[in-house]
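Student: I am new to this structure and would like to go through it step by step. Could you show it to me first?

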Amino acid sequence: MQTAFDLETDQPGAAIPSFVPTREHALASLHAFIPKAGKAYAGRRNFDLGPGKHAHVSCLSPYLRLRLITEAEVVAAALGAHSFSTAEKFVQEVFWRTYFKGWLEHRPAVWTSYLEDVARLHEDAARGGLKKAVEEATTGHTGIECFDAWTNELIDTGYLHNHARMWYASIWIFTLNLPWQLGADFFLTHLLDGDPASNTLSWRWVGGLHTKGKHYLARASNINKFTEGRFNPGYQLANSETPSLNEEEEFDIAPLAAPVPVPAGATCGLLLTMEDCHPESLTGLPPLKGLAMADGVGNDSEIGLDEQVKAFRRAALDDLSGRAAAHFEKPVQRLSLEAGAAPLVDWASQQGIDTIVTPFVPQGPVHDQLEGMAQSLRAAGLTLALNKRDYDQLSWPHAKKGFFGLKKKIPDIVRDLEQLNL
């Protein structure tokens, strides 16, 4: 069964509270899971057996979210241990996450529209009848046992199984009749692996907006089967005749943003962000005079973000800072950019840097923050050069429409990655 939330990339397993945001732990989790990435994963990945019992999925999504490990590494590890046909389902789920990343890069207005809707709906909820219904849903007091249990699991652990995310979104939209945008915002607030593309577009997929008119309705029999009898909501759910959502707005396909090259003769510094926590594997970097890290962009700047999510990201940034300093043999200047580009401009001036190189940042809060600083950087005579990974450049062009366009290219992309030794 293909599921939208699977692209959160084979949600965390085994011991849920054990997520440690370091590359060392991410690699250990990858190596521990790989023996199960074949038939065992394909056969049992849809079963949600409850907190602490998600051993049939990979534990990797929080690490992939921050690129403590990369998609290319995960695919290579799976195919190093299994044939393509045996590991195909797992590999496809890695590419589902990639697909939604690329799809949103082709339609950045979807992200902007979502943010505008969330702001408006929060205002509506603050002064209208929507407030009580949202509070009941987000505190686990709807009276629907499975939904309330998943709410509590999400808040307590920062995690939900991929199948539970689908059921949850469907009940939120079609049974509770709540705006999908507020549900997506609730997920993004609490998920350790909360990703702007995966999360936003998965909620749209469940509602019938991503694939027009094709929505996902949670069924009591399906929940009963794949929770092995833990939950059976009976007749509490929306019936099979419930129509999908619709929207008037059309989102045109935009060209993908290209990498921004380093000018000839430039003096460069590397800016690290939480969107790519493995700079050691970046290719094509120029000689670097200094290292800086955005210490808070997309972290504390995301108002309302759950404290355990903030703590997870802060710890990942600590790990990133230490590894980058060792790898590039330079100290990392940690900069708070909450108020704008001034600290970055000052750092570049002190280092004698005229070009700031950064790993390409996809749509989301960090991208928005960098966009907001672009004018100040240009005014200071600084070039912002974007280093885009080969994995993204090979995959994203095939994510313009449905997943099948990318799916049929997976063998070619895997071959090209092997040739590039990624």
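Student: Is Ile356 buried or exposed?

Tutor: Ile356 is buried, with a relative accessible area of 0%. Buried means under 20% relative accessible area, exposed means over 50%, and partly exposed lies in between, with a 1.4 Å probe and protein chains only. Please note that this is a predicted model, in which local features need pLDDT of at least 70 and side-chain atom pairs count only at pLDDT 80 or more, while totals for chains, interfaces and linings use all residues. Residues are numbered from 1 along each chain as its sequence is written, and side-chain values use heavy atoms, with hydrogens and water left out.

Student: Where is Ile356, and what is it in contact with?

Tutor: Ile356 belongs to strand 4. Helices (H or I, at least four residues) and strands (E, at least two) are DSSP runs, numbered from the N terminus. Neighbours within four places in sequence aside, the contacts of Ile356 include Gly269, Leu271, Leu344, Trp347 and Leu384. Contact here means heavy atoms within 4.5 Å. The C-alpha atoms of Ile356 and Gly290 are separated by 9.5 Å, and these residues are 66 apart along the chain.

Student: In what order do the strands of the sheet come?

Tutor: The order is 3-2-1-4-5, in an open sheet of five strands with parallel pairing. Two strands pair if DSSP finds at least two bridges between them.

Student: Which strands stand at the edges?

Tutor: Those are strand 3 (332–335) and strand 5 (383–387); each has a single partner strand, so one side of each is left without a neighbour in the sheet. Neighbouring strands of this sheet are turned by 30 degrees against each other on average, direction ignored. Axes are lines fitted to C-alpha atoms, for helices over the stretch in contact, and angles run from 0 to 180 degrees between N-to-C directions.

Student: What about strand 2: how many bridges does it form with strand 3?

Tutor: Strand 2 (residues 288–294) pairs with strand 3 over four bridges, in the parallel sense. Met293 has Arg334 of strand 3 as its bridge partner, and Ala294 has Leu335. Strand 2 also pairs with strand 1 in the parallel sense, over five bridges, and there Gly290 of strand 2 stands opposite Gly269.

Student: Why is strand 2 said to be largely enclosed?

Tutor: Six of its seven residues are buried, so strand 2 is largely enclosed by the rest of the structure. Helix 14 (residues 342–351) lies across strand 1 (268–272), strand 2, strand 3 and strand 4 (355–359), and runs at about 165 degrees to strand 2.

Student: Changing topic, how many salt bridges are there?

Tutor: The structure holds 26 of them. A salt bridge is a side-chain nitrogen of Lys or Arg within 4 Å of a carboxyl oxygen of Asp or Glu. One of them joins Glu247 and Arg204 at 2.6 Å, N to O. Glu247 lies in the loop between helix 12 (220–226) and strand 1, and Arg204 in helix 11 (residues 196–207), so the pair ties together parts that are 43 residues apart in sequence.

Student: How accessible are those two?

Tutor: Glu247 is partly exposed, at 24% relative accessible area, whereas Arg204 is buried, at 3%.

Student: Last topic: at what angle do helix 5 and helix 6 cross?

Tutor: The axes of helix 5 (residues 84–106) and helix 6 (residues 108–127) cross at roughly 85 degrees and come within 4 Å. That makes helix 5 roughly perpendicular to helix 6. Angles under 35 degrees count as roughly parallel, over 145 as roughly antiparallel, 65 to 115 as roughly perpendicular and the rest as oblique.

Student: Which residues make that contact?

Tutor: Helix 5 contributes Trp103, Leu104, Glu105 and His106, and helix 6 contributes Pro108, Val110 and Trp111.
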